[in-house]
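Subject: Structure handover

Hello,

Here is the structure I promised. Please open it first, then read my notes alongside.

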Amino acid sequence: MNNVLTLRGNRFEHRSRPSGGGAIQLPGRSCVRLDHLNDLHNFLIEVRKFWENNDVIDGVLVSVYYNRIVSKSNRINGYLNSIKNENPIDTVVGARFNSDKNKHIITHFISRDNLDKTIETSKQVISMFGAFFSKSGISTSEFNKGTVFDTLPYSEYSLKKTIFKQYLRDSCFVEKFGVETIREKSSNKSVITFYDVKVDATDILQKLGITVPHSSILDKMTVLLDEKYVEVILNKIPYLVSMAVEDFSMLSPDDFKYLNRLPTNKIPSPTNEPTIGVIDTLFDSSVYFSEWVEYHDLISDDIPKVSEDYSHGTGVTSLIVDAPNINPNLDDGCGRFKVRHFGVALNGGFSSFSIIQNIKFIVSQNLDIKVWNLSLGSAEEIADNSISIEGAVLDEIQYEYDVIFVVAGTNCKMRNNIRKKIGSPADSLNSLTVNAVGFDDCPTDYTRRGEVLSFFVKPDISYYGGDSHGYINVCQPLGLEKVCGTSYAAPLVSRKLAYLINIMGLSKEEAKALLIDSAISWRRKISYEDSILMGHGVIPIKIKDILSSCDDEIKFIVSDVFDKFDTYNYNFPVPIFDKKYPYVARATLCYFPKCSRNQGVDYTNTELKITLGRLHESKRIAPINNDMQYLEDAPSYIREDSARKEFRKWDNVKCIRETFTERKRAKDILNASNPQWGMSIQAVERLGNKDGKGIRFGVVVTLKEIKGVNRIEDFINQASLRGWIVNRLDVENQIDIYKVLSEDVDFE
C-alpha cells in the first residue's frame with residue numbers, strides 16, 4: 001500500500017478574468033417574434049397594476065419566468081435594468097424552479113420608477129421592431145450577423161443599439177413576468193422569511209399591527225410567528241413571503257432498536273485525545289464513559305425530563321468515545337475521542353427556531369472544536385425550492401468559522417416501496433451528510449433520499465448504520481443496546497473526520513475531500529438512483545485504508561486559497577513511461593462557499609470549477625473529463641441544465657474522473673518542452689459581492705497506473721525537484737507529532 005501524500009510549498013498562481021464581454025448574440029435555433037415582445041410588455045403592465053394601490057413596501061417585486069434553467073450569462077440584462085444602480089444581477093431576492101423543475105423563476109425587487117421606465121422602453125422596442133422586421137421575426141443567423149442593426153434610426157425611438165438588442169435577446173429566454181405568491185400554507189406556529197425588500201421584517205409586521213419579541217427574530221428578514229399571525233400574513237401579504245416552515249419538529253425516528261443489555265467494561269481516563277462536539281438530546285452522566293464527556297444541559301430546569309430524553313444523545317456520544325470497544329467489527333483504528341456534549345432537545349420533539357439559536361451560540365463559544373456531530377433531524381421532508389433554516393445556519397457557521405458538521409441523513413421506513421426525502425438539517429450543503437447502509441453495503445430500509453434543491457448531491461457519503469441483519473451497539477442509560485439509524489452512522493464518520501483533522505493535520509476542506517474520495521470506485525460511475533441514497537458511496541471502515549492507496553496508485557492532496565478568476569498551478573510532475581502517461585486520473589474538490597437562503601434554488605454564491613489534465617504547449621489544460629463549461633449556453637455548447645447535471649456546476653463538491661478498464665491506453669505528451677500536468681480552479685460569482693475571494697479549497701488527486709506498476713517514488717522525487725514539499729501521511733508518525741504538540745510545557 002502507498003501512503004497518501006500532501007504537496008505543500010508550491011503555491012498556486014492567480015490571474016483575473018479577461019476583459020471584454022463580446023457582442024450580443026442569440027443562442028442557437030432561436031427566434032425573436034413581435035407577438036412575444038407584445039406579450040412580455042402586457043405582462044409588465046399587469047405587474048404594475050398589481051402594485052398600483054399597494055404601499056406596504058417602497059418598491060415592487062417582479063418575477064421573471066424563464067423558459068429553461070438559465071445560466072447567469074443568459075438572465076435578463078435589458079428588462080428591469082432602466083435605473084442606475086439597479087442592475088438585475090443585484091436586484092435578485094429569490095429563485096425557484098417550476099413544478100416540473102426544468103425552468104427558473106427568479107424574483108427581483110426594484111423601484112417603481114425602474115418598472116415604469118422598463119415598460120416605456122419595451123413599448124419603444126416593440127414599435128421599432130414592428131417597423132423594421134417582419135412578423136415572422138428574426139432568426140439566430142440573421143441576428144448574429146450584426147450588420148442588420150447598424151443602420152437602424154435608434155434616436156427616433158429614444159433607444160440605443162445595445163439596449164434594443166439586449167431586450168430582443170432577453171425575450172428568447174423569458175416566458176412571462178408576474179408576481180409570485182407563496183404556495184406553502186400553514187396554520188401552525190411557523191418561521192416566516194420575507195423577501196429582502198430593504199425593510200426589516202419587524203417594520204413590515206408593524207404595518208399590520210403585529211409586534212414580535214426580540215427572542216423571535218432570527219435575522220432582519222426571518223421571524224417566528226404564532227398561528228394567528230401566520231394566518232394574517234398568508235392572507236394579507238403572501239406575495240412578500242419568500243418561505244414559511246412550521247417550527248415544531250418531531251425527531252427523525254430511529255425506533256428500530258431492540259433491548260439487549262450487556263455488561264460494559266471500564267476504560268482508561270482521557271489524556272490528550274481530540275474533542276468532538278455533539279449537539280443532541282440529553283446525556284446521562286451515570287454511564288461508564290462519562291469521564292470522557294463534558295456535558296452541558298441547555299434545556300430549562302422548568303421543563304420536565306423523562307428517561308427517554310437521555311437515550312438518543314447518550315447513544316450517539318458512546319460511539320464517538322468508545323465505538324471500537326463496543327463494536328469490534330467497526331474498529332476504525334482511530335482510538336477514543338473526548339466529547340463536549342450539548343443537550344438541546346428532548347425526545348418528544350423540539351423547536352427548530354430554538355435549536356438554531358442554540359447552535360450559533362454553542363459554536364461561537366467553542367471554537368477549539370473543529371468537528372461537530374449533529375444526529376438530530378426532522379421527520380418532515382425538506383422543501384423543493386429552499387434550504388431549511390437549520391441547514392442554512394449550519395452553512396453560515398461553516399463558512400464563517402473553521403469548523404465542519406457531520407449530519408445524519410435522517411430516517412423513515414419506506415411505505416409502499418416509496419422513500420421520503422431527507423429532513424433538515426441534512427440539506428446543509430457545507431456539512432458532511434451521512435446516510436446509512438447495512439453490512440451488505442446496500443441502503444437500509446429506513447434510509448431517506450436526496451437530492452437538495454432538485455440538484456445538489458445529498459447525502460455526501462454512506463456508512464454502516466445497522467439493520468435487522470446486523471445492528472450497531474451503543475451505550476444508553478440502561479446499558480448496551482442494539483440500534484440502527486443514520487443517527488449512529490454519523491458519529492462513526494465524525495470519528496474519522498476528527499482523526500484526519502486533529503491527528504493527521506488536514507484542513508476541513510482536505511479532510512472532507514479525502515473522505516468522499518475514499519468512497520469512489522474506479523470501475524463504475526455511481527448511478528443517479530444510488531447517489532440520491534448513498535451519495536458518492538460507502539467509505540472504508542479502517543482509517544489506514546483512507547490514508548493509503550493501492551500500490552499502483554499515486555494519491556496526493558493539494559490546497560490553497562482562491563483569489564482571482566483563475567487560480568492555477570502548472571507544476572505537477574506526473575511520471576512518464578515510454579514517452580507517455582500510463583494513468584487514468586481522478587480529482588475530488590471540496591470548498592465551503594458562502595450561501596444565501598433568500599436566493600432560493602440559486603443557493604451557493606460561488607461556483608469553483610476544477611480542471612485537471614495534461615498541459616498543451618499553449619499552457620491550456622486538456623481536462624480529463626472533457627469539461628467545456630466556459631463556452632456557455634450557445635449553439636453546440638453546454639446548456640446550464642447539462643452543466644449542472646454532468647459537471648455539477650454550482651455544487652461545492654466535485655469529482656472529475658476517468659473510468660478504469662483493462663483496455664485503457666497511455667496518454668500522449670502534449671507539451672514536449674514542459675511535460676507537466678496542470679490544475680486550474682476557476683470561479684463564477686452568482687452575486688456581485690466577490691464572495692469567492694479568500695475561499696480555501698482542498699483537492700485529492702489520484703493517478704492509477706494502467707499496468708499496475710508502482711511509480712510513487714518517481715513522483716515524490718520529481719515533485720521534490722520541482723519545489724514541492726512532499727509529506728507521506730504516515731499514521732504512526734502523525735500520532736507521535738500530535739502527542740508532542742499536545743504536551744503541556746512547564747516554564748520555570
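**Cis prolines**

Proline 425 sits in the loop between strand E21 (404-408) and strand E22 (432-437). Keep in mind that this is a predicted model. The peptide bond joining serine 424 and proline 425 is cis, with omega at about 0°. A cis bond also joins lysine 458 and proline 459; there omega is about 5°. Proline 459 lies in the loop between E22 and strand E23 (461-464). Most peptide bonds are trans.

**Positive phi**

Most residues other than glycine have a negative phi. Arginine 29 is not a glycine, yet its phi is positive, about 55°. Arginine 29 belongs to the loop between strand E3 (13-15) and strand E4 (31-32). Its relative accessibility is 87%, so arginine 29 counts as exposed.

Asparagine 85 also has a positive phi, about 70°, without being a glycine. Look for asparagine 85 in the loop between strand E5 (60-66) and strand E6 (92-97). Asparagine 85 counts as exposed because its relative accessibility is 71%.

**The chain as a whole**

The protein chain has 16 helices and 37 strands. Its C-alpha atoms fill a box of roughly 90 × 75 × 65 Å along the principal axes. For 748 residues, a compact globule would have a radius of gyration near 27 Å; the chain has 28 Å, which agrees. Buried residues make up 59% of the 748. Take the contacts between residues at least 6 apart in sequence: 82% of them join residues at least 24 apart.

**Helix pairs**

Two packed helices are described by the angle between their axes and the distance between the axes.

*H1 and H2.* Helix H1 covers residues 34-51 and helix H2 covers residues 112-132. Their axes come within 10 Å and cross at roughly 160°. That angle is over 145 degrees, which makes H1 roughly antiparallel to H2. The crossing is left-handed. On the H1 side, the contact is made by Leu34, Leu37, Asn38, His41, Leu44, Ile45, Val47, Arg48 and Trp51. H2 contributes Arg112, Leu115, Asp116, Thr118, Ile119, Ser122, Lys123, Ile126, Phe129 and Gly130. By class, the H1-H2 contact has 10 nonpolar, 5 polar and 4 charged residues.

*H8 and H9.* Helix H8 (residues 352-364) packs with helix H9 (residues 389-400) at an angle of about 10°, and the axes are 10 Å apart. H8 and H9 are therefore roughly parallel to each other. Ser352, Ile356, Ile359, Lys360 and Val363 of H8 make the contact with Ile389, Glu390, Val393, Leu394, Glu396 and Ile397 of H9. The H8-H9 contact divides into 7 nonpolar, 1 polar and 3 charged residues.

*H7 and H10.* The axes of helix H7 (residues 311-326) and helix H10 (residues 486-503) come within 9 Å and cross at roughly 35°. This crossing is right-handed. From H7, the contact takes in His312, Gly315, Val316, Leu319, Ile320, Val321, Asp322, Ala323 and Pro324. From H10 come Ser487, Tyr488, Pro491, Leu492 and Arg495. The H7-H10 contact has 9 nonpolar, 3 polar and 2 charged residues.

**Around H4 and E9**

Helix H4 (residues 161-171) is mostly covered, with 8 of its 11 residues buried. They are Phe164, Lys165, Gln166, Tyr167, Leu168, Arg169, Asp170 and Ser171. What do the buried residues of H4 pack against? Their partners are E4, H1, H2, helix H3 (140-145) and strand E9 (174-178).

Glycine 178 lies in strand E9. Its relative accessibility is 11%, so glycine 178 counts as buried. Leaving aside neighbours within four places in sequence, glycine 178 is in contact with Val47, Leu61, Val62, Ser63 and Tyr65. Glycine 178 and glutamate 46 are 132 residues apart in sequence, but 7.6 Å apart in space, C-alpha to C-alpha.

Best regards

Key:
Residues are numbered from 1 along each chain as its sequence is written. This is a predicted model: local features need pLDDT of at least 70, side-chain atom pairs count only at pLDDT 80 or more; totals for chains, interfaces and linings use all residues. Side-chain values use heavy atoms; hydrogens and water are left out. Axes are lines fitted to C-alpha atoms, for helices over the stretch in contact, and angles run from 0 to 180 degrees between N-to-C directions. Helices (H or I, at least four residues) and strands (E, at least two) are DSSP runs, numbered from the N terminus. Angles under 35 degrees count as roughly parallel, over 145 as roughly antiparallel, 65 to 115 as roughly perpendicular and the rest as oblique. A crossing is left-handed if the near helix is turned anticlockwise from the far one by less than a right angle, and right-handed if clockwise. Contact means heavy atoms within 4.5 Å. Ala, Val, Leu, Ile, Met, Phe, Trp, Tyr, Cys and Pro count as nonpolar, Asp, Glu, Lys and Arg as charged, and the others, Gly among them, as polar. The radius of gyration is taken over C-alpha atoms; the globule rule is 2.2 Å times the number of residues to the power 0.38. Buried means under 20% relative accessible area, exposed over 50%, partly exposed in between (1.4 Å probe, protein chains only).
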